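Student: I would like to go through this model term by term. Please set each value against its cut-off.

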Amino acid sequence: MLLGAVADDLTGATDLALTLSRGGMRTVQVVGVPEKPLDLPEADAVVLALKSRTIPAGEAVAQSRAAAQILQAAGARQIIFKYCSTFDSTPDGNIGPVADALLDLLDAPLTIACPAFPTNKRTIYQGHLFVGDQLLSDSPMKDHPLTPMRDANLVRVLAQQTSHKVGLVSYATVTSGVAAIKAAYEKAIADGIRHLIVDAVTDADLHNIGAASADLALITGGSGIALGLPENFRRQGLLQPTTTAAAFTAPAGRPVILAGSCSAMTRQQVATAQAAGIDSLRIDPLAIVEKKLTASTVADWVLTHSSADKPALVYSSADPAEVLVVQQRLGRTEAGELVEKLLGEVAASLAAQGFTRFLIAGGETSGAVVAALGVTALEIGPEIDPGVPWTKSLIGRPLALALKSGNFGAPDFFLKAWKMLS
């Protein structure tokens, strides 16, 4: 293994694994912290997918540290801590605490933080994160039900989460080239800075940042930060030239869409699927509490509203005002956990009845569904939309899974994904 990654959610891990795979690295995604040492001799990169974005910071640190130690033991020469391209976190963490713990584990003086993903319109300029042409704080992320992002200044956001100094590599430096970026790293170390937010507006910026970061033991950011990393290993003669990807064949079986995300894009994808004639069932968390809705009744509904060539859609997506009402009644995290648990149980029931093709929207929902299905490792397949591929289970029953971050994908994502499967 050349590169090891710790991702704070499942869909983000898949996004990163796709980026590395497209860069010519044989990449395997593993779900959770393995109980045994990794035995993946043919993998150039391994991405360990955790569910640590919104859990207490101490738990996130413990899981991430354990995951990094397993990757170290398997021979990883560099570690990536992957989080969302919208820097999803709270003033208490978990990005800062996890990054600090990994810096200490690796005995590293400095790391960078660069969540930029230009292909999906996430860019950083003067330390401020933009979503399209909006500041993060003006984007729909300001209303995220678990990690509302109301400050676009990443230097300030990260400084609230760590006791170490946080600095900035400005866009002027980034566009000056690899040598200038490296010089900024060296100056930061001399100044006692341990975290550097790095501006990036284009993929070319990310390739230069990747080249400049070849000697960093730890890199943190979104999947875009990995664009330039495979070439570092190729220049050292450690990575073989890119080969043609193996054909991806999905297992035959019935399809279903399970959407737990309440992001603006997922809501648009739900509406587009409904307008196209996809049968849909909305999940109300209050109905779960009142026992008016169970996993069994939902699974029965899916069985009668789907066919081999037409998925049914089960969703809990709602606008921010509706989400707030439910959260005030049930609690901020409790409402989401209720839905995740139910959708996980629905997925397990459907898999037992011959469903093999699952499209899941939402990072937390994806984690719950994959856990319920018992999937522990994934093969990366073709890209549906930027950052979202089809994947296939490597161990156990054959399943095809598309694990979509809430904000990712085009409006017609729920419709076109199935056309890629053979």
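Tutor: Contact means heavy atoms within 4.5 Å. Buried means under 20% relative accessible area, exposed over 50%, and partly exposed in between, with a 1.4 Å probe and protein chains only. The model is predicted: local features need pLDDT of at least 70, side-chain atom pairs count only at pLDDT 80 or more, and totals for chains, interfaces and linings use all residues. Residues are numbered from 1 along each chain as its sequence is written, and side-chain values use heavy atoms, with hydrogens and water left out.

Student: What do the buried residues of H2 pack against?

Tutor: They pack against strand S1 (3–7), strand S3 (45–49), strand S4 (78–82) and H3. Helices (H or I, at least four residues) and strands (E, at least two) are DSSP runs, numbered from the N terminus. The buried residues of H2 are Ala60, Ser64, Ala67, Ala68, Ile70 and Leu71.

Student: Why are the buried residues of H2 said to line one face of the helix?

Tutor: Seen down the axis of H2, they fall within an arc of 155°, so they line one face. The arc is that of the directions from the helix axis to the C-beta atoms. On the other side of H2, Gly58 and Ala73 are exposed.

Student: How do you know that the span of H2 agrees with its number of residues?

Tutor: The expected span is 1.5 Å times one less than the number of residues. For the 17 residues of H2 that gives 24 Å, and the end C-alpha atoms are 24 Å apart, so the two agree. Helix H1 (residues 10–22) has 13 residues and reaches 18 Å from its first C-alpha to its last, close to the 18 Å expected.

Student: What makes H1 mostly covered?

Tutor: Eleven of the 13 residues of H1 are buried, among them Leu10, Ala13, Asp15 and Leu20.

Student: How is the packing of H2 and H3 described?

Tutor: Two packed helices are described by the angle between their axes and the distance between the axes. The axes of H2 (residues 57–73) and H3 (residues 95–106) come within 9 Å and cross at roughly 35°. Axes are lines fitted to C-alpha atoms, for helices over the stretch in contact, and angles run from 0 to 180 degrees between N-to-C directions. The contact includes Ala60, Ser64 and Ala68 of H2 and Val98, Ala101 and Leu105 of H3.

Student: What makes Asp107 and Lys121 stand out in phi?

Tutor: Most residues other than glycine have a negative phi, and most peptide bonds are trans. Asp107 has a positive phi of about 55° although it is not a glycine, and phi of Lys121 is near 65°. Asp107 lies in the loop between H3 and strand S5 (111–114); Lys121 lies in the loop between S5 and S6. A cis peptide bond, with omega about 20°, joins Gly93 and Asn94, and Asn94 is in the loop between S4 and H3.

Student: Where is Gln126, and which residues does Gln126 touch?

Tutor: Gln126 lies in the loop between strand S6 (122–125) and strand S7 (128–131). Not counting residues up to four places away in sequence, Gln126 touches Leu168, Ser170, Tyr171 and Asp199.
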